[in-house]
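Thanks for making time this morning. I would like to walk you through a few local features of one model, beginning with the backbone and then turning to the packing of side chains.

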Amino acid sequence: MAAALPLAVLGLLLLGPGGRGHAEPPRDTLREELVITPLPSGDVAATFQFRTRWDSDLQREEVSHYRLFPKALGQLISKYSLQELHLSFTQGFWRTRYWGPPFLQAPSGAELWVWFQDTVTDVDKSWKELSNVLSGIFCASLNFIDSTNTVTPTASFKPLGLANGTDHSFLRYAVLPREVVCTENLTPWKKLLPCSSKAGLSVLLKADRLFHTSYHSQAVHIRPVCRNARCTSISWELRQTLSVVYDAFVTGQGKKDWSLFRMFSRTLTEPCPLASESRVYVDITGHNQDNETLEVNPPPTTTYQDVTLGTRKTYAVYDLLDAAVINNSRNLNLQLKWRSPPEHGYVHYQPAQDRLQPHLLEMLIQLPANSATKVSIQFERALLKWTEYTPDPNHGFYVSPSVLSALVPSMVAAKPVDWEESPLFRSLYPVSDSSSYFVRLYTEPLLVNLPTPDFSMPYNVICLTCTVVAVCYGSFYNLLTRTFHIEEPSTGGLAKRLANLIRRARGVPPL
């Protein structure tokens with residue numbers, strides 16, 4: 001009996017809370033989402049959100065084991081008695097006029113605002129220590145946060161989670177607008193994800209693609225939320241968000257058609273095995289400003305409608321946990337294509353060849369009455385060869401005028417006349433039929449100012465160089481090619497003899 005007791009105790013341990021027989025359900029969950037939104041400007045915005053919820057009171061319970069919730073952030077909550085923490089790193093500025101309202105707004109640079117528990121006695125000391133720790137976690141310059149750039153707002157920053165009180169003395173806010181966001185900030189941010197960047201939506205987070213965008217913003221939000229409907233207990237929620245805007249012209253595509261591979265140079269192969277939900281949403285709402293319709297390939301199995309920022313939106317939903325979404329090749333590459341209506345016209349574009357032929361752009365469109373149509377073309381300035389500049393380059397370079405041809409209804413033309421008796425009007429208004437006439441208009445030529453070098457310096461250099469070369473070359477050439485001859489003295493001729501006769505007659509010595 002004495003020998004059987006240790007075995008019985010061992011069996012109870014194996015079947016206890018840590019064994020397979022009575023394993024406790026996980027107290028934390030992970031949900032990952034990606035929203036792809038075609039913007040009115042033709043660009044595409046991608047918003048990632050990774051939400052980790054942990055059913056644990058980190059400030060009252062002694063927590064020693066972390067599963068999905070990052071241990072580094074969990075220890076900050078308990079050590080510094082945090083109520084909420086909001087940290088963002090943003091590069092660029094969200095262009096609301098061209099892109100519409102954003103899902104998540106953040107200022108340029110680094111932003112940090114924290115709500116502390118009312119049990120904190122020295123908020124300024126905790127705020128300083130917390131900013132230094134966060135600086136090390138995210139490889140940022142948050143250690144430069146001090147009293148000179150820290151404020152305590154009273155109205156603009158309310159708690160986003162559960163708040164027992166709104167005493168703003170426990171709130172601190174700071175912004176570092178000069179903070180430059182780079183890969184060193186993205187790498188520790190990705191390491192906080194349960195699957196890092198190995199599986200799920202996080203495989204798309206490739207640094208060289210995310211930072212080659214017009215806008216980049218990554219953030220961390222920690223707040224307490226209700227665990228049940230009655231809110232008898234709380235849970236901690238960690239939201240890691242990342243928003244980027246891909247510019248078609250910056251990437252050199254010049255088209256509004258997109259795909260996951262074109263944006264991220266990768267595709268989705270599998271969901272994160274630790275995630276309870278993994279979905280991709282594509283905004284397919286209605287038409288854009290050019291009356292074009294959006295087509296998504298592969299077609300979605302389900303759609304979702306919601307009112308977002310006051311506008312009803314329709315989203316195509318792709319659930320990565322559904323085996324039918326990812327095909328047999330384990331590859332999901334969503335493609336977004338814009339389809340124009342057939343009556344919109346056509347566009348004929350012939351690109352230029354450098355120093356061989358110019359650009360040609362022809363558009364056949366049907367314009368409604370009393371409307372204004374604008375056609376804009378983006379271009380890049382380049383330097384010409386110094387021999388290609390005109391004698392007056394500072395005046396600028398001319399672009400040929402545009403040609404507008406139209407078939408105008410005859411009701412807006414001049415009154416019918418006898419064309420045979422009026423040959424001038426017949427040549428001015430050549431009627432194709434009885435209902436309309438053809439007219440061609442020309443726009444004003446465009447004057448473009450290109451970068452122009454200072455031609456006075458090359459002129460001075462050329463003159464000085466030519467002068468030096470001419471003097472040096474002429475001198476050396478004369479020395480190398482000139483020959484010298486010694487003339488022998490002669491005895492004299494008839495003139496010398498006559499002169500000596502005259503000198504003798506005068507009594508002067510001869511020559």
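Let me begin with S81, which sits in the loop between α2 (71-79) and β3 (82-91), where helices (H or I, at least four residues) and strands (E, at least two) are DSSP runs numbered from the N terminus. Please keep in mind that this is a predicted model, in which local features need pLDDT of at least 70 and side-chain atom pairs count only at pLDDT 80 or more, while totals for chains, interfaces and linings use all residues. Residues are numbered from 1 along each chain as its sequence is written, and side-chain values use heavy atoms, with hydrogens and water left out.

S81 has a positive phi of about 50° although it is not a glycine, and S196 likewise has a positive phi of about 50° without being a glycine. Most residues other than glycine have a negative phi, and most peptide bonds are trans. S196 is found in the loop between α5 (183-191) and α6 (207-210), and it is partly exposed, with a relative accessible area of 22%; here buried means under 20% relative accessible area, exposed over 50%, and partly exposed in between, using a 1.4 Å probe and protein chains only. As for the peptide bonds, the one joining N297 and P298 is cis, with omega about 5°, and P298 lies in the loop between β11 (293-297) and β12 (302-308).

Turning to the helix α5, its buried residues include W189, and what covers the buried residues of α5 includes β2 (44-54), α4 (123-137), α6, β7 (215-226) and β8 (234-246). W189 also belongs to one aromatic cluster, together with F48, F50, Y246, W258 and F264.

How many aromatic pairs does the structure hold? It holds 16, where rings of Phe, Tyr and Trp (its six-membered ring) pair if their centres lie within 6.5 Å, and planes under 30 degrees apart count as stacked, over 60 as edge-to-face and the rest as tilted. Among them, Y281 and Y315 form an edge-to-face pair, 6.5 Å centre to centre with 90° between the planes. Y281 lies in strand β10 (residues 277-283) and Y315 in strand β13 (residues 311-319), so the pair ties together parts that are 34 residues apart in sequence. Y281 is buried at 12% relative accessibility, and Y315 is buried as well, with a relative accessible area of 5%.

Conventions
Contact means heavy atoms within 4.5 Å.
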